[in-house]
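Welcome, and thanks for taking a look at this one. Here is a short briefing to read alongside the coordinates, grouped by topic.

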Amino acid sequence: MTEVTEASSQAPESSEAWRATGERIDTLIAASAAGGVVARERSEELVRLVTDFYGAGLERLLDLVHEHGRLDDEILAALADDDLVASVLLVHGLHPYSVATRVENALESVRPYLGSHGGDVELLGITDEGAVRLRLLGSCDGCPSSSATLELAVQGAVEAAAPEITTIEVEAAEGAAAEAAGPLVPVDALFSRLHDAEPGNGGGDAGATWELVPALLALESGGVERFTAGGLPVVACRIGTDLFAFRDRCARCERPMEGATLARRLGGGSGDGVLRCSACRAHYDVRRAGACLDAEADGAHLDPLPLLADGASVSVAVPATPVAAT
């Protein structure tokens, strides 16, 4: 599964530190409720006042940089690409890119992953109320879990890019039954935006959770890694800069993919990848969502799982219930 965001210049230690700070602020505000309603209201007011104070300073700082002709496209791109800076600017409504631009960029970042599943996504519009309307296109070559898989990947990318949106509404492609997904992204408290996009806290979908998998950061091209995420056995591999993850179970022999190897398909290009089960020697096309390549496969298919990466961390989406065999 393709990484859906570009690598950030943010160091892992720094990224973890500011996310932890955001979580600590929320925890302290919640703890203040033990002193009663008034105590909590005063804590929230204190946070608002401090936030407004520093927000005014940041806005003035940007104005001064602009007045001196230094706020060019290169600087704006650098601000937007830094996770910490972008998150702080979002809190104060100062992000250099509009919601529409950020959503479009998020969708563009997941298109390689969607394409590997035979799918795509179209932005239908963004309402004045902050609702993003999307349409999923294509399918996963008959894999029954494809719609949920694609929708989860798109949702995670959009949430991370534009946490201030109110809802994400996803409908089926024309000719298929339109399915409104309903409110998927609730707007949370002010400082929760510093870590709303942090995988592992539910991702806004009751059907799956995002689990951090730090081991995948160091996985080299051609490498295969097996691990457990949220109680689910997972097998992952990397082709070049692209990461892919599947449920750790061979679709033919139904055994774990212990000893699985990744190789190029015979006669294939440099970007091809075939994952082979060491137990039954079944071959799976990694870029085609784990479709089995063997003549006797009869539609056998690995179960793909969405991945999110920001250069500082990698997370995999774990279904709340076991993935049905395809």
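How many residues lie between S6 and S7 in their hairpin, and which residue in the turn has a positive phi? Two residues separate these strands, and Gly-240 in the turn takes a positive phi of about 65°. Please keep in mind that this is a predicted model.

- Strand S6 covers residues 232–239 and is mostly covered, with seven of its eight residues buried.
- On one side of the pairing, S6 is joined to strand S5 (residues 224–229) by six bridges in the antiparallel sense.
- Within that pairing, Thr-228 has Pro-233 of S6 as its bridge partner.
- S5 and S6 also form a hairpin, again with two residues between the strands, and here Gly-230 is the turn residue with a positive phi, about 60°.
- S6 pairs with strand S7 (residues 242–247) as well, running antiparallel to it over six bridges.
- In this second pairing, Val-234 stands opposite Arg-247 of S7.

- Helix H4 runs over residues 83–91, and its buried residues are Asp-83, Ala-86, Ser-87, Leu-89, Leu-90 and Val-91.

**A nonpolar surface patch**
- Leu-46, Val-50, Phe-53 and Tyr-54 make up a nonpolar patch on the surface, and together they have about 460 Å² of accessible area.
- Leu-46 belongs to helix H2, which spans residues 37–67.
- Leu-46 counts as exposed because its relative accessible area is 53%, and the cut-off for exposed is over 50%.

- Glu-254 is not a glycine, yet its phi is positive at about 60°.
- You will find Glu-254 in the loop between S7 and strand S8 (261–263), and its relative accessibility of 55% makes it exposed.
- Arg-281, also a residue other than glycine, has a positive phi near 65°.
- Arg-281 sits in the loop between strand S9 (274–276) and strand S10 (283–285).
- With a relative accessible area of 48%, Arg-281 is partly exposed.

Key
Residues numbered from 1 in each chain as written. Predicted model: local features only at pLDDT ≥ 70, side-chain atom pairs only at ≥ 80, totals over all residues. Heavy atoms only, no water. Buried < 20%, exposed > 50% of the residue type's maximum accessible area, 1.4 Å probe, protein only. Helix = DSSP H or I, 4+ residues; strand = E, 2+ residues; numbered from the N terminus. Pairing = 2+ DSSP bridges. Patch = residues over 30% accessible without salt bridge, like charges linked within 9 Å, V, L, I, M, F, W, Y side chains within 5 Å. Areas by Shrake-Rupley, 256 points an atom, 1.4 Å probe, with all protein chains shown as cover. Salt bridge = Lys/Arg side-chain N within 4 Å of Asp/Glu carboxyl O.
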